[in-house]
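Here are some friendly notes to read with the model open beside you.

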Amino acid sequence: MTPLTRPPRHLLVVGAQCEGGAALEGLEDAARALHTVLVDPALGGCDDRGEGDRGSLLIGTGLGRDAVLGAVDGAVEAAGLRAGPLVLALLGHGETVDGDMPLHLVAAGLGDALLHQVNVPDLLGKVLQHPGVTDLTVIVDTCFSGAAVPDPSALTAATLGGDARLTVLFAATAKETAYEMRLSTELTRLIEDGLADAGDHLTVDDALVERLRERIVGQQPGRMVFDGAPSYGNPPWIARNRAAGRDRTLGPISNTALRDAVRRIDAEARPATEEALAAWLRDRPAGDPGAGAALLRAREILAELETRREALRVTGGAFGGELTEERLRLAGMLAGLPLHLVRSEPAPTLRDLVEHAVHHGGDREGTQRALARFVAALAHVTGHGEDLPDDVVTWAQRLHLTSVVRTRLDELAHQPGDERAPRLVLVLADDGGEHVVRVDAWLLFGRATLDRERFACDGDGLQAALGKAVTWAAPWADVAGTPLRQIEVAAPTLVLLDNPPEDQLVRRQRLGIGYTVTSRWSGMLTPPYDLTVDDMLQVGRTLLESLGDATRLGPAWLHANDLHSLEHLQGMLAVEPFGAKVWAVSALPDGDWDHMAHELLSHTPALVWPRHPAGEGPAPDGGVPGLTDSVARHWGALPRRIAAAYREHLSPAGHVKDDGLAPLAAVRTVWHDEHWQAFCQRRARAVVRAPHETTSKERA
């Protein structure tokens, strides 16, 4: 069964005979045949709305300008409402003014003024101004049809500002006659037969136009492509390529990689399969001058094609029967493949994802790490993570990828609170004081890194950078099918104290209202001057052991007599083992709190303290009534219970319903757990480089 196209594709084929002139023989048959292949679910995949004024096929003599424009409006409205691509075919007589632009489709009488005909370039420009229509493919089979091409300046000045794609396939040049509906007829046959070596879909590219020119004599078909889309993706297509599964083995990504590698050596060579590339390389003369690096890359492509072929055999056999479009998208996301590929339409196939991982995901040593992560993701989404199929195990062993596959499976399985959703980790970097200069963002699923990015604060400040980071992460959560809810914010001590992450206004709302925000101390990643990262990781491990002690039912409380001076606190901490307990402050001291907090976090990177200083909190001394009992009661659920109490306190009701939870709304926390420990451990092992300095192959 052919899967449904998403989003739906829309179509209008117009076959317009004119009044008062010679009838175009075969026009009706050509229009109906083209419509048939374009609505075939296995070929064009367009929505069949039947024949008539509001249908996907309009045929008649003397239809009139208004009827044609009305039919186009109906198709445009359908495409705009459902946000799908539109294919528009115009067949009939064409007229120009003295052989110059623009082309007019004769919709009325042949001798009628052009005012009564359809100005095609003007029509196409107006179609692209309609919101929701961002992909328009036009087939024009008339005389002088090259004059149907709109002025590019008009497209970029349209309502959408050029954020659209327009492809025009025309039957003849702007000053050339077209005959016997040859473009429509031959295009229909080409769609029915398919085109070898053209990929999964037939697009209006060089290969298709070249084949049409071979078949059509007496006129010269051509094409125009305008691509103003805001992001990269698959090019607009006319139909699925029936020959794709029959005559070829390579997908479009492998085809591109092969073609680009070969053209660096011989622009005329056209090997289109793994076998043809191998034969072409064997025939290269020894000591080919000037082709050293290019020849090496071509040999690498041959090795990658072999890896690709074997990976498709293994993954198709092991997981193919359980894969859906949604599972493939999810697996691509969990493997860290690019978002534009994972979200592309039509949905990426298993072959697309394998080919991208093979050709764009190897490291400098040639190890197929991205492919291994994708195979692990396939096992995860199909429920085979704990019991890999034998073929997958053997394949991983043969490519020395067993450890990579197992590690990724382990990372994906470690979900905080068993939540199957991405989480966002934001690390705030300061200028040595209280000002944040950038936000480094990591998107995680379990402990697996999906992507990372850097956002400079610039003149817009911290809140704008946080907003950009949240916006950046949202599409990944959409692919996962679960909303982004967990955000971890790590910052230096002064930034944490002065800029509570949960209080930051991000996209008009406090961050802690829309998300569960967990504050972390970034000193685990950039420790104080007299400590090392290894020192802090050991402190973290000791703290995890303490938190795992079932006999410990709360933190170690510090009171006013413990915090009367910084020197006194330092002396007290000097005789306490690092990381042995979580510190909690019952009331903020009168002075030096920033220095004291830094000392406490350096000693143990987990801390609980009142949100308000003395005189501003629930009690005159800045303490929180009932706090110690509430923390002890909810100790095993911190810090999430604090986040929940914070949201309830700021709700329209203005209070926390559970009295035992209410004191937690008046405190803040910096927390440490096994997930933050694992994140810091991985960052410590990584090469110290900013996210934008890593290559796409290294990011996953």
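1. A word on burial before we start: buried means under 20% relative accessible area, exposed means over 50%, and partly exposed lies in between (1.4 Å probe, protein chains only). This is a predicted model, in which local features need pLDDT of at least 70 and side-chain atom pairs count only at pLDDT 80 or more, while totals for chains, interfaces and linings use all residues. Residues are numbered from 1 along each chain as its sequence is written, and side-chain values use heavy atoms, with hydrogens and water left out.

2. Let's begin with a charged patch. Glu386 counts as exposed because its relative accessibility is 84%. This residue sits in the loop between α14 (369–381) and α15 (390–398); helices here are DSSP runs of H or I with at least four residues, strands are E runs of at least two, and both are numbered from the N terminus. Together with Asp387, Asp390 and Asp391, Glu386 forms a negative surface patch. Members of such a patch have over 30% relative accessible area and no salt bridge, with like charges joined within 9 Å. Asp and Glu count as negative, and the charge is placed at CG of Asp or CD of Glu.

3. Next, have a look at strand β8 (residues 165–170). Six of its six residues are buried, so β8 is largely enclosed by the rest of the structure. In a regular strand the side chains alternate between the two faces of the sheet. In β8 both faces are covered: Arg165, Thr167 and Leu169 are buried on one side, and Leu166, Val168 and Phe170 on the other.

4. Which strands pair with β8? Strand β7 (residues 135–141) runs parallel to β8, joined by six bridges, and strand β10 (residues 222–227) runs antiparallel to β8, also through six bridges. Pairing requires that DSSP finds at least two bridges between two strands. Val138 stands opposite Val168 of β8, while Arg165 has Asp227 in β10 as its bridge partner.

5. Eight bridges pair β12 with strand β13 (residues 436–445) in the antiparallel sense, and Leu426 has Ala441 of β13 as its bridge partner. The two strands form a hairpin with five residues between them, and Gly432 in the turn has a positive phi of about 95°. With strand β15 (residues 486–491), β12 pairs in the parallel sense over five bridges; there, Leu424 stands opposite Ile487.

6. How many salt bridges does a search of the whole structure find? The count is 31, where a salt bridge is a side-chain nitrogen of Lys or Arg within 4 Å of a carboxyl oxygen of Asp or Glu. One of them joins Glu186 and Arg189 (3.0 Å, N to O). Both residues lie in helix α5 (residues 182–193), three residues apart, about one turn of the helix. Glu186 is buried at 13% relative accessible area, whereas Arg189 is partly exposed at 42%.

7. Another pair is Arg343 and Asp478, whose closest N and O atoms are 3.8 Å apart in a salt bridge. Arg343 lies in the loop between α12 (339–342) and α13 (350–360) and Asp478 in helix α17 (residues 461–480), so the pair ties together parts that are 135 residues apart in sequence. Finally, please check the network of salt bridges that links Glu502, Asp503, Arg510, Arg611 and Arg668.

Conventions:
Patches are made of residues with over 30% relative accessible area and no salt bridge: like charges are joined within 9 Å, nonpolar side chains (Val, Leu, Ile, Met, Phe, Trp, Tyr) within 5 Å. Accessible areas come from the Shrake-Rupley method with a 1.4 Å probe; for residues, only the protein chains shown count as cover.
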